[in-house]
Amino acid sequence: MLGGKGSKGTIKATDVGWNFDNSYSRLPESFYARLNPAPVRSPRIVVFNQSLAESLGLNTEALADDSGAAVFAGNVIPEGAEPIAQAYAGHQFGHFTMLGDGRAILLGEQITPSLDRFDIQLKGAGQTPFSRSGDGRAALGPMLREYIISEAMHALGIPTTRSLAVVMTGEPVLRETALFGAILTRVATSHIRVGTFEYIASRSHREEIQRLADYTLSRHYPGLITADNPYLALLYAVMERQASLIARWLLVGFIHGVMNTDNMALSGETIDYGPCAFMDAYDPATVFSSIDYKGRYAYGNQPHIAQWNLARFAETLLPLLHTDQEQAVAKAGEAIETFPATFQRYWLSGMRAKLGLFTEEVGDITLIETLLKWMQTHHADYTHTFRALTLEKLPDEPLFHEAAFIDWHTHWQLRLEHQSKATKPKNSSRSLMRSSNPAIIARNHRVEEALEAAVERSDFTVMQHLLTALKTPFDHSPQHTDYHTPPTPSESAYRTFCGT
Ligand code: AMP
Ligand code: MG
């Protein structure tokens, strides 16, 4: 029963469309802590994802008012939900730490009308047994930032957690200064992380690690349950999804910023948007996080770090891979060594698509790398360059009249002609490029502008316009020209080093 509509008014979960199952809370008690979110003073919805709500089978009208705000704030628990904070550990910047949901509460798993299962999690919902010294709360800016960027990633077709709503709590949170408190409702196919496996493995309980691995298999890789060695198959499958995911990030210029093992999901979805951003000028060393001094999580280092994280995952599976420890280590090592080639396969095929190439030739890597090197040398904007190549005619900009570029462009044109003789007409190349090279990405200066309006002036319209534009990233029409253009030098200096 929901009590959000006045003390006597009751809303059945079915009226709103909640349809919770709680499979994770049927796992051993050591996997989580049971608790409700800590209520907040005066919740108010500031952004709500209508289409996502509909696809979850929720009644958007019933959620748009105060009763929705009460649920998304954790003040009212929908019928059928069994709230928990999940336990996990993680390697943060290379160092092992016990973590857990320190400010997030999983309400339960929403079963949609098409029988898909999604975690509904409130981020910023108050202290939990895993809060350590934290207040369990979140500030408005970072929660809106996660909302914007996760939805942008989704529209780009990149696997990601989604954002259903952000509420302001009506309470301040204390960081360096007092900020508006907020809670994000996050939707994910699960919140099982590499760090979840690390936590369970650190307890040295073979049965528990097998429970978690079996659970993960049934939730995300049911086809592998009957494999000869399902746990080795799980390792390969997780690696495959991560290789594909990180390639997709690189192809759109995305930098996650905190690829700690607790921020890597077994589902293969992008998770935990903190100091993340899309790169403007191409440079593999680009870093956005102010605490990433050594560039551990720099743009170009992401495949390497993914492999490192997957090695930590493989270690947790050792007791399940083989009864003989040495053989288990050999199998895990062999698997992890395949990662760079798997990643390269996804990346190369994505890069070929960005250049309109249907066929494969040995010279393609050189063609791609020459372009990237040129971009780096000339501080060319990554997204803008690929968009320029996608247009019928190159924009009349000094950069594209530059000798080395013209030389590269001639090689590329020859390569395209070569393939069109062999296979398809030139316009299929163009349409491949149009669907592979976004015109609109969540550029940092645009995101900051939207956040500033929302946080400093309570003006949410700038963000709404941005969210609308981000829904159609491959729309190359002049309609959203404002969102196509790279930042000016002063705008790109205006970049965030935000925390969370
Ligand atoms: P993140 O950097 O968001 O991935 O968080 C890393 C860890 O710190 C997770 O265990 C979070 O739950 C925890 N954490 C982050 N912020 C807070 C906070 N304000 N209060 C309690 N725990 C937090
Ligand atoms: Mg995290």
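A salt bridge here is a side-chain nitrogen of Lys or Arg within 4 Å of a carboxyl oxygen of Asp or Glu. This is a predicted model, in which local features need pLDDT of at least 70 and side-chain atom pairs count only at pLDDT 80 or more, while totals for chains, interfaces and linings use all residues. Side-chain values use heavy atoms, with hydrogens and water left out, and residues are numbered from 1 along each chain as its sequence is written.

**View 1. A network of salt bridges.** Let's start with Asp21, Arg26, Glu109, Arg117, Asp119 and Arg219, which salt bridges link into a network. The structure holds 26 salt bridges.

**View 2. Glu146 and Lys123 in a salt bridge.** The N to O distance for these two side chains is 2.8 Å. Because Glu146 lies in helix α5 (residues 140–155) and Lys123 in strand β8 (residues 117–123), the pair ties together parts that are 23 residues apart in sequence. Helices (H or I, at least four residues) and strands (E, at least two) are DSSP runs, numbered from the N terminus. Both Glu146 and Lys123 are buried; buried means under 20% relative accessible area, exposed over 50%, and partly exposed in between (1.4 Å probe, protein chains only).

**View 3. Asp364 and Arg415 in a salt bridge.** Here the closest N and O atoms are 2.7 Å apart. Asp364 belongs to helix α12 (residues 364–377) and Arg415 to helix α14 (residues 403–422), so their contact joins parts 51 residues apart in sequence. Asp364 and Arg415 are both buried.

**View 4. Phe93 and Tyr297 as an aromatic pair.** Rings of Phe, Tyr and Trp (its six-membered ring) pair if their centres lie within 6.5 Å; planes under 30 degrees apart count as stacked, over 60 as edge-to-face and the rest as tilted. The structure holds 17 such aromatic pairs. Phe93 and Tyr297 are tilted, at 5.0 Å centre to centre and 45° between the planes. The pair links distant parts of the chain, 204 residues apart: Phe93 in the loop between β5 (89–92) and β6 (95–98), and Tyr297 in the loop between β13 (277–278) and α9 (302–321). Phe93 is partly exposed at 24% relative accessible area, whereas Tyr297 is buried at 1%.

**View 5. Tyr282 and Tyr382, a stacked pair.** Their rings are 5.8 Å apart centre to centre, with 25° between the planes. Tyr282 is in the loop between β13 and α9, and Tyr382 is in helix α13 (residues 382–390), 100 residues apart. Relative accessible area is 9% for the buried Tyr282 and 0% for Tyr382, also buried.

Definitions and conventions: Chains are lettered from A and ligands numbered from 1 in the order in which they are written.
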